[in-house]
Amino acid sequence: VSQAAPLRRLHVQSDLHLFDADSWVSGGVAANTVVDGKVNFGGQQQWVMRNVHLGEGAVGGAWNLVFVGCTGAVPKEGDGAGRDNDAVMGPSISVENTPGSRIEKPYIVMKQKQSPIRENRGTQRINVSNQSDLPFVSDHPLYEFELRVPRITSGRDALGPKFDGEDDYIRDFRRVKLGIPAFNDSALAAFENHSVLQKALDQGKDLVLAPGIYYLSSSLEIKHPNQVILGLGYATLIGPSDGSPCIYIPPHITGIRIAGVMLEATVLSRDEHSPIDKTTSLLQWGDPSINDPGNETNPGCLIDVFARVGGASLERGVSTDVMVQLNSGNIYGDNLWLWRADHVQLRPMEKANFPHISPLYRQTVKGECNVNNGIVVNGANVTMVGLAVEHTNQDQTVWNGEDGIVHFYQCELPYDVDETFAISNYVGYRVGTDVKRHSAYGLGIYSNFRDFDVEVDTAVIHPEISGIHLRNIFTVKLDNQGMIKTVVNNRGPGPGTDPQRGRPFRCLDEKCRL
């Protein structure tokens, strides 16, 4: 398993092994799951468990393990230095036993037909008298589909797994649009995809996107509260060429859930006839010029949302400024992986530029697949459980909103940048200078400067005030040249002249963290 291959809604009636032999692996997320036996992380560099019941505990892991809302034999908190949990040096372990709330991913149920009476959005009852009005699922004489939207839970109900479905909102498929990608040339397909999907959203329907590639001519704009976009099989939305986001949620639209989608950058039209003078992104929630606190009792949600700039496309000129931009408040994120490609597909007859790394791909070099930041958070009360940002050209994560919470963060700095990256003081995680309150637990920032000898001063920067709480923060030099010299605010250990690769350098005391 890896960053974009989460485990959800499982009952494992034995041990769970998350590795293959002695290999290093770079996961991962498990959520809303029961494991009767023992979890063995093996060589997993990092992992986050959310609302998992651990029957017989957990062993293994390399650098960073985070447990949020878990029950059973949960490991003890530990700093990875063998001091806090009576263990030898190993992964840091961050445990959150009292999460504020939890929001599960929408899902689809196929069930036997019971009655022509169905329930819509958990509140309104609809009498289905004309079966010809129903979508393809009604053609089956015995079965029908439902879109299930789990309710938000808090307090004790936010602990442990829950997949009995008793409290789900049940949405009739008459109010769900099944999206299927158009198979015309990309320009025509982009217009057709947007037209069909936006019409359904305008009608207040939820979207379920079948697996495939959806080119878009304009943003999908969500205008009605509580709408759902659920992608199946890595349904991929390719951004409009004018720099508009794949998905745009205007301010003050509450309760939106976006899940299971891949957002992909395209080549932007930056000519004199269509200049782009705005910040481009792949997903934009809210407007930076409008204050939108969101709704604490009905937050927005991003679950299994992945973004990539390069990689699958043969074009190396794809770009955007920011992958995800969150301007509204009260948004809950669960497993976001935001990736600037470190390698891309080879064109026909093209040879690999670093064949000793891989003969199968081209390794991205400076000037290709450009993106400044993975995520910029301007809204207040935004929570992330499982956030990964990799290889962007400037700060990987920028957090300007108040009362942000991050449980688990994995980050690789870009491989291909030169010394100007360090001179510009770019970092893996930046909390804005005006922020008064912020909490983050289990943060790992890694370096692998392949092309230039880059020495970054520090991995994390934040205001040095009492409202900032960080723990279990570390850096790792994966390979090649350069280093991250310190961990937080120019404090904490670094590799120095130590040639050892794959060793975590940790902030282990309050003086380092603050």
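Residue numbers start from 1 along each chain as its sequence is written, and side-chain values rest on heavy atoms, with hydrogens and water left out. Since the model is predicted, local features need pLDDT of at least 70 and side-chain atom pairs count only at pLDDT 80 or more, while totals for chains, interfaces and linings use all residues.

The pLDDT (the predictor's confidence in each residue, from 0 to 100) averages 90 over the protein, and 90% of the residues score at least 70. Over residues 84-88 the value is below 50, and this stretch has nine contacts (heavy atoms within 4.5 Å) beyond near neighbours in sequence. Residues 117-137 also stay under 50, with 52 contacts beyond four places in sequence.

Turning to the strands, these are DSSP runs of E with at least two residues, and helices are runs of H or I with at least four, numbered from the N terminus. Two strands pair if DSSP finds at least two bridges between them. Three strands make up an open sheet in the order 3-5-7, with parallel pairing. Strand 3 (16-17) and strand 7 (58-59) each have a single partner strand, so one side of each lacks a neighbour in the sheet. Strand 3 is joined to strand 5 (residues 39-40) by two bridges, and Leu-16 has Val-39 as its bridge partner.

A nonpolar core is a set of buried Ala, Val, Leu, Ile, Met, Phe, Trp, Tyr and Cys residues joined through side-chain atoms within 4.5 Å. The largest holds 79 residues, of which Ile-247, Ile-258, Leu-263 and Leu-326 touch the most other members. Val-66 belongs to a second, separate core of 18 residues, which also includes Val-149, Tyr-332 and Val-385.

The whole structure contains 26 salt bridges (a side-chain nitrogen of Lys or Arg within 4 Å of a carboxyl oxygen of Asp or Glu). Asp-334 pairs with Arg-8, with the closest N and O atoms 3.1 Å apart; Asp-334 lies in strand 28 (residues 331-340) and Arg-8 in strand 1 (residues 7-8), 326 residues apart. Asp-334 is buried at 1% relative accessible area, and Arg-8 is buried at 15%. Both belong to a salt-bridge network that also links Arg-50, Arg-102, Glu-104, Lys-105 and Asp-304. Elsewhere, Glu-264 and Arg-308 meet at 2.9 Å, N to O, and both residues are buried. A further salt bridge joins Lys-366 to Asp-418 at 3.9 Å; Lys-366 is partly exposed at 48% relative accessibility, whereas Asp-418 is buried at 16%.

Conventions. Buried < 20%, exposed > 50% of the residue type's maximum accessible area, 1.4 Å probe, protein only.
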